[in-house]
Structures are given as structure tokens and as C-alpha cells.
Amino acid sequence: MALRFFNTYSRELEQFEPRDPAARKIGIYTCGPTVYSRAHIGNFRAYIFEDLLQRHLELRGYKVHRVMNITDVDDKTIRGAREAEVPLAKFTAQFKEAFFEDIETLRIKRADGFPAATDQRYIERMIEMIGALVSRGLAYQADDKSVYFRINKFPDYGKLAHFDLTQLQSTGRVKHDEYDKEHIGDFALWKAWDEEDANVKWDSPWGPGRPGWHIECSAMSTALLGDQIDIHCGGVDNIFPHHEAEIAQSEGVTGKKFVRYWLHCAHLLVDGQKMAKSLGNFYTVPDILGKGYTGNEIRYALMRVHYRAPLNFTWEGMKEARESLARIDEWLARLRERSASVSPAKNKGKQAGSMPYTFEEALDDDLNISAALGFLFESIRETNRAMDENKLDAASASAWLDWWKRINTVLDLEMEAEVAVPPEVVQLAKDRKSARREKNWKRSDELRGKISTLGWEVRDTKDGQKLTPRT
RNA sequence: GGCGGGGUAGCCAAGUGGUAAGGUCGCGGUCUGCAAAACCGCUAUUCGCGGGUUCGAUUCCCGCCCCCGCCUCCA
């Protein structure tokens, strides 16, 4: 099946055709964090979705070049720096660092570039683009000295969000201090300096100030990926106004179609409501690690629901993630043991040449992860049954391991490297082994209890005791 | 009010015009000294509600209800 994605622009599932099919190179731009505080797991749901997208495209043989911006100047970062009484760059540095720590914990592939809005190169490019827009009559400087985009001059404005501009109403979320604009929907390209901004300012043809939020993405995406990009992602809350504005700015400057496919991820909910800093109902990665869960488990919990469906975060869901991953790891351990065994030459690895491709076919269909995981778990049950019945030979087992290796380039869910068993646990297990030889069950159970309190679980298999860390 | 997304078993969730994947939880069984893991069986006559089309709809059409989000700087 050909790859297809739901394009927000058309609101339809569309077959994926990159700009340059022959080269199999794809440019993806993803909106990154605003570094005014630690990102929460709702933000990371979007980044995990983008990670899944990239990895699946790579599995399908595309060479992905992905860029993720870092917004390190805006109202919130400036306010934060002012309150902390430190320079802006110092204030944002800590959250940049935290962000990179968290994506590593969650095994999110690093983008090929993480451009920052305050980088002089991009500031210059933003000024250049704003200049071009002004000269074309698509932007104007208002009496408040800020420069705004004139949306009435860009007929396509509103097409991505499917908004009728005459219907735009203010929700009252933003203060009406913008009387200088020609149209309520005009958005800032360049924000004139005011004293709240302290020493955060850059010179421009329109006086000192700083870039508006939207222009940074237009500048950095076109700088790093060219005038036209294949895929642009973000959370649904970015559709309007952010991505709408990006289209207007970029196409206003280049005159070319900016993005071929717009993919947007639904929100992470908590208690049925959007997880958001402003609501105070959010968890960070360290919050969840602090409850004893691993990055791996968080990754699974955030990945297992289709990206366009809202996902409700619950501790029950975390537990389920843990159990599901344990099932996978258990299966892998069995396969490894089996593949290493010298098996009788009877029944040759039947599956070796015909491993199922349904996993990636499911992902081809707008990243249908639930169906893909369904196939994985069905395969697990079937191979486990075969192993129970002693019908899976070493060759087949290693074929399944190779299969896993392939799909795991997308999932990246395998347990962290085996933890070494501590010596005291080894000793207790030894004691238990001799107790069991004497059929001293009472002593055996006591020792199992002790091992358990040390964080390890002991199981009796037909090959003797097996120790696994208790999570 | 406008524009989207979602409403399938206790919970999470896939899916198709022909009689409901998978995960998790619970129960029963096999295995085990007992467990654990694994496997087997059971757990939605039913897919928000009401109409319509059809031999047949959860799946198509119409209307309605509920939840969540966006409507100017929130992934």
C-alpha cells in the first residue's frame, strides 16, 4: 500500500508524494518548544508523533531531513528572564538543556537542525523577509511602530484553518491593545520595543524591536529546507494562527507553495482536559520518572494512540504501558534463548523468508499505530504458542528477532540494556537453588521474598531460576 | 456563533456494507511444591441517539446529543 497521510489543508487522506520522488529525500519542519519552562508530556506527545513519522518514512526508504525550531524569545521568555533577573539567553539555556535531556529519555531522534530564533543569522533573515513583505504591500508599519501582516492582501489566509475571516471573533484571550492594526486578524511580524522588553531588542529598518512569533518559522524553515517543504507538523493548536501565518509569510515572500502536507497531532488530555501550562494540569518527563516509570514506558504510553485522536493521560495507562512492554521484553528474551539453542535440523525455519509486513503496512495508512501494534501482539502470541509447543526452531526464532529489529527501528521500545544482577541477589539465588534441591519450600519461598525486596523477581523455569528486575 | 477532532467491552483501542483486531484488567483452566511467565477458555447479540438507503450498517445518507480543542502568539 502506498503511504498516505491526512492533510489538514485538504482535510483528506492523501497519497504521499514528495517533491522530489526520485531522490527519496524529504524535508520536514516541526514546531519545537518555547523554552520558558520545562516542556510537559503533552508537548512530547507531538514530538513522539513526529519521531514516529520520521522513523516510518526512513523504514520506507526515504532520507528525512528534519528541522525543529527552538523559540527562545517571546513574551513568556522575556517575562521569565525579567522575573528571574537573569539575561534572556541564560534563562532559556536551562530549558533548552532540559528539553534535550527529555527527548533523549524518550528516545526521540534528534532533528538535523535545531535553529534558535535569536540566532543572528535568522534574525537577519526575518528582517529581510519582513522587508520583502512590506515592499509588496503585504505588510505595513502601524502607528505603534510594530509591523503587521495585512491579511486582506493574502486571499488564501484562512484556508488551512478553514476560517472565514469576516467571522473572526475575539475570544478575549488577548488584550485589545492593538488598535493600530488595520484588521483584527493582522498579526505582528515585528514587535516594536517597549520597556517591558528591557535589553531584549534588535535593530531593524522599523526601529528597535523583536520578531513576531510566526516569522521565525518562516525564516528558519525556508533557510534550512528551501522555499518548499514536504511535511510540516505540529499540534492542532498551531493550525491557527501560527501555521496559517507561516503560509502567508512564506508564500508572500517566495510566491511558491510552502508546504505539501500539513500533519497535526491531537492533544494530550488529563482528566478529560487539554494538558496545558496555563491550566496547571501538566506533568513533565521528570515528574513521571519520579513515579518510577522509565522513558521507554512514557514513550509507549504516548505513542500507542493514533496521533489524530485525543489521548487521555492516566496512571492506569502508564501501568498498561509497563505491562505491554514487559510482554514484549519477555517475548524477546525467549526468542533469544531459542535462537541461540542448537535445534534439531527438523522443521526448518519456515517463517524465515516470509515474515509479516503488516506492521509497516498499517503505518503506511496515516500512521495507524494501533493496528500495527495489534499485529505485533498477535505475532507475539503465535510465536509464544509455537515455543510452548516446541515448534519454533532456532532459525525461525532468529528470523523473528530480525523482524523485531526492523520494526523496532520505528518503535524504539526495547528495554534498556540488561541490568547486572547484584552479588547479594546472586548469592540468595544460589541459596535458594540448594534449598529447592532439598525441597525445602519454606526456605525457598523465604529467599524468593528476600530477593523480591531487593527489587528482583525470581522465576522457576525448566532451565532453572531466572532473575528479572522488578519494575 | 464559525471551524475541526473524538464518542466501539471496566479501562485503552483497531476496523469493515455481511454478522466486532489487539492491549490492559478480572474470572476459570494447563504448567508449577506454590508462584511467576507463557498458553487455552470466558468477558460488547453490540459499536452515542433517532430516522433513512440496503437482502443486510458499527461501517453510506440525514437529523440530533455528548466530550475535547481552535477562533491571534498554547504541541
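Biologist: Let's start with a lysine and a tryptophan. What makes you say that the charged end of Lys201 sits over the ring of Trp193?

Modeller: The charged end of Lys201 is 5.3 Å from the centre of the Trp193 ring. A charge sits over a ring if NZ of Lys or CZ of Arg is within 6 Å of the ring centre and within 35 degrees of the ring normal, so Lys201 gets the label. Arg308 gets it too, with its charged end 4.1 Å from the centre of the Phe6 ring.

Biologist: Before we go on, what sort of model is this?

Modeller: It's a predicted model, where local features need pLDDT of at least 70 and side-chain atom pairs count only at pLDDT 80 or more, while totals for chains, interfaces and linings use all residues. Side-chain values use heavy atoms, with hydrogens and water left out; residues are numbered from 1 along each chain as its sequence is written, and chains are lettered from A and ligands numbered from 1 in the order in which they are written.

Biologist: Okay, rings next. How many aromatic pairs are there, and what is the rule?

Modeller: Rings of Phe, Tyr and Trp (its six-membered ring) pair if their centres lie within 6.5 Å; planes under 30 degrees apart count as stacked, over 60 as edge-to-face and the rest as tilted. That rule gives 27 aromatic pairs.

Biologist: Which label goes to Phe99 and Phe114?

Modeller: Edge-to-face: the centres are 6.4 Å apart and the planes are at 80°. Phe99 comes from helix H3 (residues 88–105) and Phe114 from the loop between H3 and helix H4 (120–135), 15 residues apart. Helices, by the way, are DSSP runs (H or I, at least four residues), and strands are E runs of at least two, numbered from the N terminus.

Biologist: How do you know which class the Phe359 and Trp403 pair belongs to?

Modeller: Their ring centres are 6.5 Å apart and the planes are at 80°, so this pair is edge-to-face. Phe359 is in helix H10 (residues 358–364) and Trp403 in helix H12 (residues 394–411), so the pair ties together parts 44 residues apart in sequence.

Biologist: What kind of peptide bond joins Phe240 and Pro241?

Modeller: A cis one, with omega about 5°. Pro241 lies in helix H6 (residues 239–254), while Phe240 belongs to an aromatic cluster with Phe149, Phe154, Tyr157, Phe163 and Phe187.

Biologist: What stands out about the phi of Asp366?

Modeller: Phi is positive, about 55°, although Asp366 is not a glycine. Asp366 sits in the loop between H10 and helix H11 (369–388), and at 3% relative accessible area it is buried. Arg107 also has a positive phi, near 60°; at 16% relative accessibility, Arg107 counts as buried.

Biologist: Last one: why call E12 and E13 edge strands?

Modeller: They belong to an open sheet ordered E12-E11-E13, with mixed pairing. Strands pair if DSSP finds at least two bridges between them. E12 (273–274) and E13 (311–313) each pair on one side only, which puts them at the edge. E11 (residues 268–270) and E12 make 2 bridges in the antiparallel sense.

How values were computed. Buried means under 20% relative accessible area, exposed over 50%, partly exposed in between (1.4 Å probe, protein chains only).
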